[in-house]
Amino acid sequence: MHFSRFPRVHLAHLPTALEPMDRLSKALGGPRIWIKRDDCTGMSTGGNKTRKLEFLMAEASAQGADLVMTQGATQSNHARQTAAFAARMGMACHILLEDRTGFKDPNYNNNGNVFLNYLHGATAEMRPGGLDMNAEMEAVAETFRANGRSVYTIPGGGSNATGALGYANAAMEIVQQANAMGLRIDRIVHATGSAGTQAGLVVGLKAINANIPLLGIGVRAPKPTQEENVYNLAIATAEKLGCPGVVSRDDIVANTDYVGEGYGIPTPECLQAIEMFARLEGVLLDPVYSGKGAAGLIDLTRKGEFSHDENVVFLHTGGAAALFGYTHAFGDDTSIMQAAE
Ligand SMILES: *Cc1c(COP(=O)(O)O)cnc(C)c1O
């Protein structure tokens with residue numbers, strides 16, 4: 001895999017740290033759990049979209065775009081990071097936000113990522129839930145083009161073969177780091193949504209023959225849909241990288257038991273995971289993705305899914321900026337963890 005063949009803006013802070021979480025590991029009494037700090041990739045509080053946007057925004061720039069558009073849910077981290085990249089690269093940014101939850105809380109609708117979008121100078125418009133948001137975005141892009149703008153559109157989550165290159169590269173980074181540390185990784189666990197992270201990782205891991213199983217914890221779609229989305233994107237990504245056929249269908253595993261009521265609606269287990277990471281490790285998770293990913297990791301550990309001598313790496317995909325849009329979910333109860341112990 002030779003990533004320098006693709007346009008890329010080097011704005012991410014890489015490599016991100018790979019560290020043990022010994023207090024969490026001890027509290028759970030399972031495997032040794034490590035954390036890969038992709039919440040610290042830089043660009044407006046960081047997160048997994050930074051690695052994807054390095055390739056996407058370079059393509060936008062190469063195509064001479066003066067306006068970049070993307071879409072996501074109200075508290076989209078991807079939208080906020082795209083707004084930051086556009087600011088850094090001197091492009092305008094216009095965002096379409098989908099109301100997937102119907103939450104009326106003012107913080108949800110104006111604070112967190114929404115606040116940061118505006119701070120970065122992006123403009124935004126809302127859509128009700130359930131529309132084909134990529135189609136909505138393309139329609140708006142056409143109106144900008146009719147007015148002479150050169151528009152580059154990025155699909156939701158930055159999840160196409162270009163964006164997924166960022167995570168194929170991350171796979172190489174993780175394995176190199178582990179080799180330098182003498183760390184044998186037995187499993188990588190992370191939250192999976194629009195599929196680019198898992199698709200890129202699986203292609204990277206397979207292409208370098210790392211032999212590390214990957215487990216995506218779903219945050220939205222049912223298992224068959226999620227795995228199919230990841231598989232299709234992995235095929236496209238492998239082709240783009242010049243290694244077609246490296247990924248087979250059984251390499252794609254998503255566990256969607258931790259979605260709860262739906263996308264963006266925190267479960268009690270998710271809130272508990274957020275408090276555990278905050279109090280045991282000083283690490284901030286988010287209520288939409290990494291909190292649900294961690295809830296899956298915690299529950300599977302308690303159920304004995306991982307053996308004691310395993311090293312499990314939790315890829316922290318970021319998202320803590322959304323916490324400020326979700327203060328209502330925590331209510332007055334700051335003792336969720338104690339109650340659960
Ligand atoms: C987008 C996002 C994910 C999911 O990554 P995908 O590539 O969309 O599957 C996970 N965590 C956070 C914080 C995100 O913003």
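Two strands pair if DSSP finds at least two bridges between them, and the close-ups of this predicted model start from there.

**View 1. Strands β3 and β6 run side by side.** Here β3 (residues 67-73) is joined to β6 by four bridges, and the two strands run parallel. Look for Leu 67, which stands opposite Val 151 in β6, and then for Met 69, whose opposite number in β6 is Thr 153.

**View 2. The open sheet has four strands.** Their order is β5-β4-β3-β6, and the pairing is parallel. At the edges sit β5 (123-128) and β6, each pairing on one side only. From one strand to the next, the twist averages 20 degrees. Helix α2 (residues 49-62) packs on this sheet, where it touches β3 and β6, and its direction makes about 160 degrees with that of β6. Another helix to find is α3 (residues 77-89), which lies across β3, β4 (92-99) and β6 and runs at about 175 degrees to β4.

**View 3. Strand β6 is covered on both faces.** In a regular strand, side chains alternate between the two faces of the sheet. Along β6 (residues 151-154), Val 151 and Thr 153 lie on one side, Tyr 152 and Ile 154 lie on the other, and all are buried.

**View 4. The largest nonpolar core has 35 residues.** Ile 185, Ile 188, Leu 201, Val 203 and Leu 241 have the most contacts inside this core. Two or more residues come from each of α7 (161-181), α8 (196-207), α9 (223-241) and β10 (311-316). Zoom in on Ile 185: leaving aside neighbours within four places in sequence, Ile 185 is in contact with Ile 174, Ala 178, Ile 212, Asn 311 and Val 313. A second, separate core holds 29 residues, including Ile 33, Ile 298, Leu 300 and Val 312.

**View 5. Phe 103, Tyr 108 and Tyr 326 form one aromatic cluster.** The structure holds six aromatic pairs. One of them, Phe 103 with Tyr 108, is edge-to-face, at 5.1 Å centre to centre and 80 degrees between the planes. Tyr 108 counts as buried because its relative accessibility is 1%, and buried means under 20%.

**View 6. Two arginines sit over tyrosine rings.** The charged end of Arg 51 is placed over the ring of Tyr 167, 5.6 Å from the ring centre. For Arg 220, the charged end sits over the ring of Tyr 263, also 5.6 Å from its centre.

Note on methods
Residues numbered from 1 in each chain as written. Predicted model: local features only at pLDDT ≥ 70, side-chain atom pairs only at ≥ 80, totals over all residues. Heavy atoms only, no water. Buried < 20%, exposed > 50% of the residue type's maximum accessible area, 1.4 Å probe, protein only. Axes fitted to C-alpha atoms, helices over the stretch in contact; angles between N-to-C directions. Contact = heavy atoms within 4.5 Å. Core = buried A, V, L, I, M, F, W, Y, C linked by side-chain atoms within 4.5 Å. Phe/Tyr/Trp six-rings, centres within 6.5 Å; stacked < 30°, edge-to-face > 60°. Lys NZ or Arg CZ within 6 Å of the ring centre and 35° of its normal.
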